[in-house]
Amino acid sequence: KIYSITATNAVDGVASSCRACALGSEQSGSSCVPCPPGHYIEKETNQCKECPPDTYLSIHQVYGKEACIPCGPGSRSTQDHSVCYSDCFFRHDKENQSLHYDFSNLSSVGSLMNGPSFTSKGTKYFHFFNISLCGHEGKKMALCTNNITDFTVKEIVAGSDDYTNLVGAYVCQSTIIPSESKGFRAALSSQSIILADTFLGVTVETTLQNINIKEEMFPVPSSQIPDVHFFYKSSTTTTSCVNGRSTAVKMRCNPTKPGAGVISVPSKCPAGTCDGCSFYFLWESAEACPLCTEHDFHEIEGACKRGFQETLYVWNEPKWCIKGVSLPEKKLSTCETVDFWLKVGAGVGAFTAVLLVALTCYFWKKNQKLEYKYSKLVMTTNSKECELPAADSCAIMEGEDNEEEVVYSNKQSLLGKLKSLATKEKEDHFESVQLKSSRSPNI
């Protein structure tokens, strides 16, 4: 089918319309020249100029810088700016932490055969899918063929010149019809279609260019590691898919499934699609886990033995990372045991206690001397022989020794001291004196 014919750069000027072309470098008699791959025509000078990095050149028009279309998130362009692809490395920043993914071990073609399904006449058939996750620098490695299935992907690639019924894409689908009489080797592969031939991007978001992955399509992940989504589309349109087909592959970290892992389709859509235009796949593998960093392990300090302490490093459980940094070697450092500090503390405490006891005894003895001197001074002042004592009558006289001998009596109890103080106070304030009067004794 021929959809349109456009004639350009006609010699006799019979073209229906004209469009800009790149001019040669000669100033006089310049003519149109083709631009190299990945170059657009600059509007100001009509010269060929290479597209910026991580952009691809539109196949519909090459005039102006807008002809260079930016690649999607997490993707880069080929050297000739023809297509965009993923280098199988992806980075995601999450809560002040960067997660780095390496899907290079999953870059080979992944395959899935689901079913069986049955036609209205009871014929059994399977849906067979091939997925080229990263694209191998723009090369569409997912191959599907018609009328032959008894070959592996490597055999098909090696002898691809011998087969004309091959389709290459990022994601393709074939219908497998097994033979009941001759076994699976005689099975037929037919209706090979391209589900995705353009790489859109890779992101942790579930929506990209009107492709939405509903969360209810797949089970909820058991970890806090975010899923990574690869988005593709097909440039071929059909009557039922006016915008072309789209494909989304959800990459989920699952340490229990090493190697290539397992590819599955939503339980609600056993054929991988519910409307025939949007296809969804879940790829679970340990290779889909992020690379290990310093945040994925912790240290355990051992006891101090003989002046040395051992520090071990262990992974956080459960471990949700692969490769990346490795565990550091165990570390041996010098330390001081707790017994040493206990001895130091006990010695300081004992010294402090002895010092406090000594100070208490010293001040107590000094207080006793002052109390004796004060008591003697009070008794001398209240004596009858000394009604009007001189200022120095109770002081130390010449020739007397400054140091008086202190004679301690038996220690009186606290109750006795209180009782003696109370009695003394009453004697001072309630002294009885008999008064003589000249009046009648009746008074």
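Is Asp54 buried, partly exposed or exposed, and what is its relative accessible area? The views below come from a predicted model in which local features need pLDDT of at least 70, side-chain atom pairs count only at pLDDT 80 or more, and totals for chains, interfaces and linings use all residues. Residues are numbered from 1 along each chain as its sequence is written, and side-chain values use heavy atoms, with hydrogens and water left out.

**View 1. Asp54 in the loop between strands S4 and S5.** Asp54 is partly exposed, with a relative accessible area of 38% (buried is under 20%, exposed over 50%, partly exposed in between; 1.4 Å probe, protein chains only). Its phi is near 60 degrees, a positive value in a residue other than glycine.

**View 2. Cys88 in the loop between strands S8 (84-85) and S9 (89-94).** Cys88 is not a glycine, yet has a positive phi of about 70 degrees. At 5% relative accessibility, Cys88 counts as buried.

**View 3. The open sheet S24-S25-S26.** In this order, 3 strands pair in antiparallel fashion; two strands pair if DSSP finds at least two bridges between them. Strand S24 (297-301) and S26 are the edge strands, each pairing on one side only. S24 and S25 are joined by 5 bridges, and Ile300 stands opposite Leu312 in S25.

**View 4. The cis peptide bond between Glu317 and Pro318.** Omega is about -5 degrees for this bond. Pro318 lies in the loop between strand S25 (308-315) and strand S26 (331-334).

Notes
Helices (H or I, at least four residues) and strands (E, at least two) are DSSP runs, numbered from the N terminus.
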